[in-house]
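Open the model in your viewer and keep the sequence panel beside it. We will go from the whole chain to single pairs of side chains.

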Amino acid sequence: KAIQARRDAKMRGGEGMLTDDQWGAIKVAYHNRCAYCGAARAGLERDHVIPLALGGQHVVANIVPACRQCNATKGSKAISNVPMVRLLV
């Protein structure tokens, strides 16, 4: 619970915001598919490419859609092989 509370505080803090419209645009850019496995699934989650725990920000350029399985597998690890489409949003 403490970890979740810190994460929530970072997302609400001055480190950037993501609107619902921006989240929608990100999903459209990825054709409503997971950025990691490419699966078209309902209920895509917001994944921070550079996790908040590692200094990432809650901004458009750092968020990609991920299915629950990929998001859980990635956890708080940073990865470098995310499709570049995220930079175009």
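The tour below starts with the whole chain and then stops at its salt bridges.

**Before you click**

This is a predicted model: local features need pLDDT of at least 70, side-chain atom pairs count only at pLDDT 80 or more, and totals for chains, interfaces and linings use all residues. Residues are numbered from 1 along each chain as its sequence is written, and side-chain values use heavy atoms, leaving out hydrogens and water.

**Stop 1: the whole chain**

Show the cartoon. You will find three helices and two strands. Helices (H or I, at least four residues) and strands (E, at least two) are DSSP runs, numbered from the N terminus. Trace the chain along its sequence, and the order reads α-α-β-β-α.

The chain exposes about 5,600 Å², an area from the Shrake-Rupley method with a 1.4 Å probe, where only the protein chains shown count as cover for residues.

How much of the chain is buried? Of its 89 residues, 33% count as buried. Buried means under 20% relative accessible area, exposed means over 50%, and partly exposed lies in between (1.4 Å probe, protein chains only).

Next, contacts (heavy atoms within 4.5 Å). Take those between residues at least 6 apart in sequence: 64% of them join residues at least 24 apart.

**Stop 2**

How many salt bridges does a search of the whole structure find? The search finds three. A salt bridge is a side-chain nitrogen of Lys or Arg within 4 Å of a carboxyl oxygen of Asp or Glu.

Select Arg-46 and Asp-20. They form a salt bridge, with the closest N and O atoms 3.6 Å apart. Arg-46 sits in strand S1 (residues 45-48) and Asp-20 in helix H2 (residues 20-29), so the pair links distant parts of the chain, 26 residues apart. Arg-46 is partly exposed, at 33% relative accessible area. Asp-20 is exposed, at 62%.

**Stop 3: Arg-68 and Glu-45**

Stay on strand S1 and pick Glu-45. Its salt-bridge partner is Arg-68, with the closest N and O atoms 3.4 Å apart. Arg-68 counts as exposed, at 61% relative accessibility.

**Stop 4: Lys-74 and Asp-47**

Select Lys-74 and Asp-47. Their side chains meet in a salt bridge (3.4 Å, N to O). Lys-74 lies in helix H3 and Asp-47 in strand S1, so the pair ties together parts 27 residues apart in sequence. Are these two buried or exposed? Both Lys-74 and Asp-47 are buried.
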